[in-house]
Amino acid sequence: MTRSDLRRSGGCRAGEQVGRGLALGALGLLLVTPLAHAQETLARRVAAVAGDAEVRFASRPDVCGDGAQMISFRSFTMVREMTIAGHGDWRERCMPGPVRVRLSVADGAVTRVHTYIGAGGGRSSPVTDLGVVGTRDAVEYLLGLARGGSVGSRVAADAILPAALADSTTISPALVALARDRGRPMEVRKRALFWAGEVGEPGVLEPVRAIARDSTDERTMREHAVFVLSQLRDDGGVPALIDIVRANRDPWLAKKATFWLGQSDAPQAHETLRTLVTDPAVSEEVKGEAVFVLGQHEDDTEDQAFLRDHFDALPSDRLRERVLMGVGQNGGAEGASWLFGVARDDARSLRVRKQALFWAGQGDTPTSGFVDLYRQLHDRELQKQVIFVLSQRADSSATDALMDIARSDGDHELRKQAMFWLGQKDDPRVAKFLASILEH
Amino acid sequence: MRSVVIVVGIGAALAAASAARGQPLARRVSAAGDGTVQMRFASRDGVCGNGRGTIGTGGHAFFRDVSSSSDYGHWRPACVPGPVRVVAVVRGGGVDRLRVFVGGNDSSADVRDLGVVSAREAADYLLDVARRGAGRVGEQAILGAVLADSVTPWPALLPVAGNASAPRATRESAAFWLSRAAAAVVNHRALFEEDDDAPDSPRDEVRAQAIFALSQQPRDEGVPALIRVARTNRDPALRSRALFWLGQSGDPRAIELFAGIIGGANP
């Protein structure tokens, strides 16, 4: 599975066709009920309710949910109060269905908005069923809530999701307008911009790019716009992200854009990231982010090789340490071997050599490799670092190695160091070993 | 386990007795009303101080008021033998704050000076305060009682150290001083006699580190091993170190060990 797959894997799989058919059937039945109120606006009908009201309307294709805690739309799956990236078993429960909006109403004003997809389970409180409404009416009403000054910012922000999920409407212009409106709460603006990008309607790229580049707007909004660019379908925002990085008018924004480029599989994103690493004109901050994201590409041996090849040419130890981290985390056996080489290299700084050892220790290199390396090293600081690496490993052979050093190393400082870390181990053999040291 | 019960029983009996003996001083403190009272009493051999934040014993300052160190610039504050001086702030009949000094005097007009009191009476009073006082009051009261001359505070400290509902600082202070008393007993020296526990060879350093490493082990492994060292190791310095770390453990088995080692001794 590629990074794009992870970002964009759809939520609706199991029983999609069947579920959608059932849902449409249910809609057909429910369409009978609201005709008596055809002339009455939805807003008035909601305002007349005391307590909870519910409306339903058709959802976009690719929308599914479990009727309660989860909603999925194309790349995006949400569970209540948080968003998750993966799906796992959730997909099995994700069924197409109408958008179901539960509105809490007090004194004619909406105080809470909850959105569900599909039929709900048992209701814990009485609900006034306002039946099925047309998507256009629903969207008009919900956008009214999102724009309105009469409701709290949470209600306004929560009204955006069901509006975005409504079928057969073009909503992104209205959402972009909301996102641009600096009079609206930040959460409303951010939510509107996200869903403007997510619904996949044309014409969104330029407004999102404009917000990202607008130095008069708030930093959090601009950062969010960069994120939204990264989420546009078919890597549509990648050129804009590259422009932001290249222009580097605001280094903090360029750094964010670099990060999001790293999440893309687009070839031009990869190419740009590598250029950022090698281009001497690029700031250390942006270069560091490029090194970081390339290092996180665990399934890309070319990126790993690229980082190793350019290690010596990097202008600072800080950047080199980022390479060490990426190689240690994602470089596999080849990376571990390279890290050992760095650690052994007398010509390198002690700091870099120690970092190489540390990150080698975070990978899957067998403990025996570190034991052999310990014997080959002659620098006490590096040997101490190997001892530390051994102390962080859970396998019993690492404890064996520490006990061996503590028992018989010729350098008593190293023996003490090994003992210190042995003390932190939760292994019943350690106390017996330490006691035996004290008896002789 | 039985010995713990006995120890606690003895401790409680002694505590009750000492509370009764301490009453006259408690009454004098109480009669002084709300405000600050000061008293002095004889200190153990080897105790010194500068009348302010520093208290030393056996060549080591073990308590130092950090805020006062800058008063001396590059000079080390003088540590001279002298009486223990306790300054207590009383509010509503209870001790609200308590500080222990060696030497010096607070001649402020608002301090009611109770003058010199007997070390035994002072220790009884302070141990009673420790049993009832919160946080730092208990810790300081124990310090004052331990510094008192010709007093055996250990039986009264055992139940304090083992009392899980006592304030943590008080409990830890009691366990610390019990561990020091036990170390003095196993090393056949006075509580504040100069010691030579510092490791002076690489081998000693490694062994000292092994003791520390044992102290970091899960209790069920580390505490029994440390107890074995404290009971049977031939090196007094290692035994002393093991006792120190046992004192830091707060483990009931350590308190039981201290009781067994100290017995009726007063190092």
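## Exercises on a predicted two-chain model

In helix α14 of chain A, the buried residues are Ala269(A), Thr272(A), Leu273(A), Leu276(A) and Val277(A). Let's start from there; keep in mind that the model is predicted.

### Exercise 1: a helix with two sides

Work out how the buried residues of α14(A) are arranged around its axis, and what covers them.

*Solution.* 

Step 1. Check the geometry. Helix α14(A) runs over residues 267-278, and its 12 residues should span 16 Å at 1.5 Å a residue; the end C-alpha atoms are 17 Å apart, which agrees.

Step 2. Recall the helical repeat. With 3.6 residues a turn, residues three or four places apart in an α-helix point the same way.

Step 3. Look down the axis. The buried residues of α14(A) fall within an arc of 140°, so they line one face of the helix.

Step 4. Turn to the other side, where Pro267(A) and Glu271(A) are exposed.

Step 5. Find the cover. Among the elements over the buried residues of α14(A) are α12 (238-247), α13 (251-261) and α15 (284-295) of chain A.

### Exercise 2: the two chains side by side

Describe chain A and chain B by secondary structure, burial and contact separation.

*Solution.* 

Step 1. Count the elements. Chain A has 24 helices and eight strands, while chain B has 11 helices and eight strands.

Step 2. Look at burial. In chain A, 45% of the 440 residues count as buried; in chain B, 46% of the 267 residues do.

Step 3. Take the contacts with a separation of 6 or more. Residues 24 or more positions apart account for 66% of them in chain A and for 71% in chain B.

### Exercise 3: where the chains meet

Which element supplies the largest share of the side of chain B that touches chain A?

*Solution.* 

Step 1. Size up the contact: 16 residues come from chain A and 19 residues from chain B.

Step 2. List the contributors. On chain B, α8 (202-216) and α9 (219-232) each supply at least two residues.

Step 3. Pick the main one. Helix α8(B) gives the largest share, 10 residues.

Step 4. Sort this side of chain B by residue type: 10 nonpolar, five polar and four charged.

Step 5. Move to the nonpolar core. The largest one has 205 residues, and those with the most contacts inside it are Ala146(A), Leu241(A), Leu402(A), Leu434(A) and Leu178(B). Helix α7 (residues 168-186) of chain B supplies the largest share of this core, nine residues.

Step 6. Zoom in on Leu434(A). Leaving aside neighbours within four places in sequence, Leu434(A) is in contact with Leu422(A), Ala210(B), Ala213(B), Leu214(B) and Ala225(B).

Note on methods
Residues numbered from 1 in each chain as written. Chains lettered and ligands numbered in written order. Predicted model: local features only at pLDDT ≥ 70, side-chain atom pairs only at ≥ 80, totals over all residues. Helix = DSSP H or I, 4+ residues; strand = E, 2+ residues; numbered from the N terminus. Buried ≥ 20, exposed ≤ 12 C-beta atoms within 10 Å, placed from the backbone. Contact = placed C-beta atoms within 7 Å. Nonpolar A, V, L, I, M, F, W, Y, C, P; charged D, E, K, R; others polar. Expected span 1.5 Å × (residues − 1). Arc of directions from axis to C-beta. Core = buried A, V, L, I, M, F, W, Y, C linked by C-beta atoms within 7 Å.
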